[in-house]
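The tour goes from the ligand to the cores and then to the domains.

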Amino acid sequence: MPQHTAIIGGGLAGSEAARQLADRNERVTIFEMKPHRFSPAHTNPDLGELVCSNSFRSDDPLSAVGLLKEEMRSLDSLILEAADRTRIPAGKALAVDRERFAGIVSERLQEQRNVTIVRKEILGLDDPALTPFERVVFAAGPLAGESLTRSLQQQTGEDGLSFYDAIAPIVSADSIDQERVFWASRYDPESSDYLNCPLNKEEYERLRQALLHGKQARARDFESQTHFEGCLPVEVLAERGEMTLAFGPLKPVGLTDPRTGERPFAVVQLRAENKEKTMFNLVGFQTRLTHSAQKQIFRLIPGLENARFERLGSMHRNTFVHAPRVLTHDLELRKSPGVYLAGQITGVEGYVESAACGLWLGLYLAGKIQGLSLDLPPRDTALGGLLNHLQADTKNFQPMNVNFGLCPPLEVRAKKSRRKELYVHRARQAWQRWREEGRGNL
Ligand SMILES: Cc1cc2nc3c(=O)[nH]c(=O)nc-3n(C[C@H](O)[C@H](O)[C@H](O)COP(=O)(O)OP(=O)(O)OC[C@H]3O[C@@H](n4cnc5c(N)ncnc54)[C@H](O)[C@@H]3O)c2cc1C
């Protein structure tokens, strides 16, 4: 008798997980609270709803998100099948007709004989509706119902779950002008924990003025405009006074520029995102500025004139767990065996990444039920790099889009223009090996 899996949430991750399990003859029940209840961002009763943009970003295989799509297509992704069938012209981006897209995701799951769709809000991990199931996949997304979220928090502890996302931009290390920045921690010139971008008074004032006049993203109605004092957007600090930034996140105290032997007027600190130091975040630069304003304004910072942004800053409601602490490598809750997490709630960021996470979990669980143990894809691949982020050894865990900085650094030196090609070439070889050796096959 096939075992039975419950999936909470028929969004991008839940739909992908269901398809992978059902295709391998495993029975799945999806609990979806729409149309009885809608989160503040959802409006369409169909499964697989895109809550904001209608774009899955670049489809160029030389971009990390394009490569991730290539890997997902090779594993029969439902989300990409629906996206490809409802594609609308948008240059290199994969944009879709969102109504038709969600319609196809729903239809394909309704047709699957192993899938049952129940329209019901799950109120907690102890909801009696979950009792008959062998395992539960929690794929209720960043705006999961409040009662269910409280129940998850009982498993993760207060500090294992975040409700608010205040994220600072991340730049790739190889796009930072090393001639203009210096390594040092406050009071420790020998330390290489931080890269420091020194600003003189004019550069500081130019940056502040740009922050004051930068275009801000419109907040969704449900997003609170009030901010936590400890985590204010950089443009709000700029508004508070001429020197607020210079006494706050840009304070130069304890830092001496080795080129001048002096303390700069202000310093933007960049903190490494990973052990290999391939990516750095701009400390204290959480922001509500639009993406285009961020790119323009943050490139005014000395050393970041040609910065490549791996992630841009944002502030919005976003429920996600501290994955490295509360999840096992198999995305199972450490404190609640049999409950697995998928999608944005795990700490991946974005439509494609959420779907990819659900796809992997569905594939992995189908293998586990059938007595086969699948290895994670190698970290050289886009999917492997992304899933590895959920095990990152970091105190300040933050959601992350897929990017090449999540993969190990290249073994060879190469010009910037060739680096993407090399990442992709290495990833494709690793992916093929992984598939051929049967470690990703069922
Ligand atoms: C406002 C907002 C805008 C975003 N915009 C973008 C964007 O433009 N581009 C991008 O790439 N990413 C965006 N994201 C990030 C993210 O990629 C999406 O949220 C994505 O939909 C996450 O996929 P998911 O499957 O994890 O969750 P979702 O797609 O949200 O699916 C979760 C599903 O679970 C259901 N559900 C929730 N609670 C329960 C419950 N208790 N019982 C039963 N069902 C339940 C919901 O109704 C929903 O259908 C945005 C996020 C937010 C919050």
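Helices and strands here are DSSP runs, numbered from the N terminus; a helix is an H or I run of at least four residues, a strand an E run of at least two. With that numbering, select α1: this helix gives the most to the shell around the ligand, with three residues. Note that you are looking at a predicted model.

**Ligand shell.** Now show the whole shell. It has 35 residues, and the closest to the ligand are G9, G11, C52, G141 and G343. Colour the shell by class: 17 residues are nonpolar, 14 polar and four charged.

**Cores.** Next, select I8, L68 and F138. They have the most contacts inside the largest nonpolar core, a set of 86 residues. Helix α11 (residues 351-369) gives the most to this core, with twelve residues. Zoom in on I8. Beyond its neighbours within four places in sequence, I8 contacts F31, I122, V136, V137, F138, A139, A140 and L148. Then move to I176, L211, M279 and I301, which are among the 38 residues of a second, separate core.

**Domains.** Zoom out and colour by domain. Domain 1 covers 4-165 + 317-436, and domain 2 covers 170-312. Their C-alpha centres lie 31 Å apart. Select the contact between them: eleven residues come from domain 1 and twelve from domain 2. Which classes make up the domain 1 side? Six residues there are nonpolar, three polar and two charged.

Definitions and conventions
Residues are numbered from 1 along each chain as its sequence is written. This is a predicted model: local features need pLDDT of at least 70, side-chain atom pairs count only at pLDDT 80 or more; totals for chains, interfaces and linings use all residues. Domain bounds come from an automatic or database domain assignment. Two residues are in contact if their C-beta atoms, placed from the backbone, lie within 7 Å. Ala, Val, Leu, Ile, Met, Phe, Trp, Tyr, Cys and Pro count as nonpolar, Asp, Glu, Lys and Arg as charged, and the others, Gly among them, as polar. A nonpolar core is a set of buried Ala, Val, Leu, Ile, Met, Phe, Trp, Tyr and Cys residues joined through C-beta atoms within 7 Å. A residue is buried if 20 or more other C-beta atoms lie within 10 Å of its own, exposed if 12 or fewer, and partly exposed in between; C-beta atoms are placed from the backbone. A residue is near a molecule or strand if its C-beta atom, placed from the backbone, lies within 6 Å of it.
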